[in-house]
Amino acid sequence: MQLLFLGTLALFVGVTVAVPAQEKRVHHKPDLSDHVHDDAHGYQYDHEAFLGKEEAKTFDQLSPEESKERLGKIVDRIDTDKDGFISHAELHHWIKHRQSRYIKENVDKHWKEYDQNKDGKIGWIEYKNTTYGYYMDAEFDDVDDKASYKAMLTRDERRFKSADRDGDSVATREEFTAFLHPEEFDHMRDIVIQETIEDIDKNGDGKIDLREYIGDMFNPENGENEPDWVTTEKKHFSEFRDMNKDGFLDASEVSHWILPGEVDHADNEARHLIHETDKDNDGRLSISEIMDKMDFIKVSTITDFGTLTEDHDEL
C-alpha cells in the first residue's frame, strides 16, 4: 500500500544526502543542483546547473566521444540565434528553462497517479484515497504509529486547502503544482514556514531555539566530535538568523532563513559559467571554448534539469 505522504516530501523536493544538513531547509527558486556551489571541491553544482539533473547522470555514463557529441547538440539548442556563440542571455534562458521543466515533469508524473477518474482535476478525496488507501480511516486502527499518520493526513489536508484557491476541494494543475511545490508560490509561503517550524520545534512552543535548530542538522553519536560547520551554524543562528536576539526563531525569522529574497540563481550561474569558460573574455562562449572546458561543463547546470534526449524540441 502506498503511503507516499507527498505533502511533506514535496517540501524538500530536490534534497538528497548530497546536500549538507545546514543547507537543506533553504528554498531557492528552484534549486539548480543538490550540491554546494564550491569550485574548490569540484564542479558538480555547475554540472547539474548546465545539463539538468537527469542529463548530468546520463553524461556520467558516456565515453568522452559520446559526451562531446551530446554536449554539441545541447550547445546548438542553447544558441537560439544560431550565430555560433552562446550569450549570457541565451545561457540564462536555458538554465531557467531547465528549472521550470523540472517542476513541470515532476507534476506530470504525479498527476497521472492521482487523477484517478481522468477528469483533468485532482480532488482531495482522490489524493487521500491514493496516498493513504485503506489507512484513510480517521482512526488509523491498522497502523502501528497512528499518531504519525494522523498528523500526515492533517498536514496534507491543510496544504491542499491552501493550494485550492477557489475552495472547491478539487485541484487544477496549477493548484496541484502549488500543493507539490509550495515554495514556488507566494500564497503558499505561510504553509512552508509553518511546516518547517513544526518539523524542527520539538517542544511545541511555536518557535525554534538553538538546540532545536542544530538538532535538525546534527545529532552526535557515540562521542562524535562536533564538526566545524556546526560551530559556524551556531554563530549564524545568534548573529544572523535570530534577528531580534531573543534566543528563538519566530515565523518571520524562519521566513528570512528558508525563503531568501529574489536572488536570480540562474543569472548568477550563467555569469559564473561564462567567467570560468570564456578564454578570450568577449563575454560569450564559442563551441571551442565549451569543448575545451568540457570536464567543467559536464559537471555543470547547463546539462542538468530534466533529461535532454535527441528527439526533444521543446525550446
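The model is predicted, so local features need pLDDT of at least 70, side-chain atom pairs count only at pLDDT 80 or more, and totals for chains, interfaces and linings use all residues. Residues are numbered from 1 along each chain as its sequence is written, and side-chain values use heavy atoms, with hydrogens and water left out.

Start with the whole chain. It has 15 helices and six strands. Both are DSSP runs, numbered from the N terminus: helices are H or I with at least four residues, strands E with at least two. The protein chain has 315 residues, and 46% of them are buried. Buried means under 20% relative accessible area, exposed means over 50%, and partly exposed lies in between (1.4 Å probe, protein chains only). Of the contacts with a separation of 6 or more, 66% join residues 24 or more positions apart. A contact means heavy atoms within 4.5 Å.

Now the core. In soluble globular proteins, nonpolar side chains tend to be buried together. Here the largest nonpolar core holds 18 residues. Such a core is a set of buried Ala, Val, Leu, Ile, Met, Phe, Trp, Tyr and Cys residues joined through side-chain atoms within 4.5 Å. Ile 122, Tyr 127, Phe 176 and Phe 179 have the most contacts inside this core. Four helices each supply at least two of its residues: α5 (88-114), α6 (124-132), α7 (146-163) and α8 (173-180). Which residues does Ile 122 contact, leaving aside neighbours within four places in sequence? They are Trp 111, Tyr 114, Asp 115, Tyr 127, Phe 160, Val 170, Ala 171 and Phe 176.

Next, follow α7 to its partners. The axes of α6 and α7 are 11 Å apart, and the helices pack at about 150°. Axes are lines fitted to C-alpha atoms, for helices over the stretch in contact, and angles run from 0 to 180 degrees between N-to-C directions. The pair is therefore roughly antiparallel. The cut-offs are under 35 degrees for roughly parallel, over 145 for roughly antiparallel, 65 to 115 for roughly perpendicular, and oblique for the rest. The crossing of α6 and α7 is right-handed. A crossing is right-handed if the near helix is turned clockwise from the far one by less than a right angle, and left-handed if anticlockwise. From α6 come Trp 124, Tyr 127, Lys 128 and Tyr 132; from α7 come Tyr 149, Met 152, Leu 153, Asp 156, Glu 157 and Phe 160. By class, this contact has seven nonpolar, no polar and three charged residues. Ala, Val, Leu, Ile, Met, Phe, Trp, Tyr, Cys and Pro count as nonpolar, Asp, Glu, Lys and Arg as charged, and the others, Gly among them, as polar.

Leu 153 sits in helix α7. Its relative accessibility is 12%, so Leu 153 counts as buried. Lys 128 lies 25 residues away along the chain, yet the two C-alpha atoms are separated by 7.9 Å.

On to α8. The axes of α7 and α8 come within 8 Å and cross at roughly 140°. That angle makes α7 oblique to α8. This crossing, too, is right-handed. Asp 156, Arg 159, Phe 160 and Ala 163 of α7 meet Glu 175, Ala 178, Phe 179 and Leu 180 of α8. The contact divides into five nonpolar, no polar and three charged residues. How many of the eight residues of α8 are buried? Six are, so to speak mostly covering the helix. They are Glu 175, Phe 176, Thr 177, Ala 178, Phe 179 and Leu 180.

Between α7 and β3 (170-171) runs a loop that contains Ser 169. Most residues other than glycine have a negative phi. Ser 169 is not a glycine, but its phi is positive, at about 65°. Ser 169 is partly exposed, with a relative accessible area of 43%. Lys 245 also has a positive phi, near 60°. Its place is the loop between α11 and β5 (248-249).

Finally, look at α9 (189-200) and α12 (251-258). Their axes are 10 Å apart, at an angle of about 100°. The two helices are therefore roughly perpendicular. Arg 189, Val 192, Ile 193, Thr 196, Ile 197 and Ile 200 in α9 meet Ala 251, Val 254, Ser 255, Trp 257 and Ile 258 in α12. Eight of these residues are nonpolar, two polar and one charged.
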